[in-house]
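Me: Can you walk me through some side-chain contacts? Keep it short, please.
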Amino acid sequence: MDDKESLRVGAAVRKRRRALELTLAVVASRSGLSVPFLSQIENERARPSMRSLQRVADALETTATTLLAAADSARTVDVVRAAEHLEQMPDGVRPLVRGHHQLHAVEFTGEQDAGREYQHRNDELLYVAEGSVEVEAEGRAYRLERGDTLHLTGGVRHRWRATGPDTRLLVVAVADHIEATEPA
């Protein structure tokens, strides 16, 4: 197991422990490892050996291989190449992030007009990389040109349309499955 892989296993361990509704103390008792060490593993501050990982896996009624596979799906770095087609989308629409994450990012190219109004639960940012976009939000019209951004807080009703064939719009939003928090 390389260093990067061993660091990522913490989130998988924590997720499995919580799914079983076990405390760190119970996992420590079952595995023979200390609570502080298990906490460090879960918080990705310690690198378990394969032997320690197997002891944790046994305590969590799973295998080290399963924990490593779950860790693999939570990689922290993922490059999406321009030529990749991550999922079937309409022409001129391309997801920029692979999988289901806290961040949703899509690139729209060409003349796009969804013809409908949107209202998202969380914040959204529109960035015009090329061309221009017309946005209607909260009863006001905005024209965005190359390099302009528009930030919408969660709950704002809006619609947009790209106004030319050379338009490239990046839309980045906090995913709807994430709960917004109130400022302190």
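Reply: First, a term: buried means under 20% relative accessible area, exposed over 50%, and partly exposed in between (1.4 Å probe, protein chains only). This is a predicted model: local features need pLDDT of at least 70, side-chain atom pairs count only at pLDDT 80 or more, and totals for chains, interfaces and linings use all residues. Residues are numbered from 1 along each chain as its sequence is written, and side-chain values use heavy atoms, leaving out hydrogens and water.

Me: Is glutamate 134 buried or exposed, or partly exposed?
Reply: Glutamate 134 is partly exposed, at 30% relative accessible area.

Me: Which side chain meets glutamate 134 at 3.1 Å, N to O?
Reply: Arginine 161, in a salt bridge. That term means a side-chain nitrogen of Lys or Arg within 4 Å of a carboxyl oxygen of Asp or Glu. Glutamate 134 is in strand S5 and arginine 161 in strand S8, 27 residues apart. Strands are DSSP runs (E, at least two residues), numbered from the N terminus.

Me: Which residues share that network?
Reply: Glu134, Arg143, Glu145 and Arg161. Between glutamate 134 and arginine 143, the closest N and O atoms are 3.5 Å apart.

Me: How many salt bridges does the structure hold?
Reply: Nine. One of them joins arginine 168 and glutamate 107. Glutamate 107 is buried, at 10%.

Me: New topic. How many aromatic pairs are there?
Reply: One, from a search of the whole structure. Phenylalanine 108 and tryptophan 160 sit edge-to-face, 4.9 Å centre to centre, with 70 degrees between the planes. The cut-offs: ring centres of Phe, Tyr and Trp (its six-membered ring) within 6.5 Å, and planes over 60 degrees apart for edge-to-face, under 30 for stacked, the rest tilted. Both residues, phenylalanine 108 and tryptophan 160, are buried.

Terms used. Helices (H or I, at least four residues) and strands (E, at least two) are DSSP runs, numbered from the N terminus.
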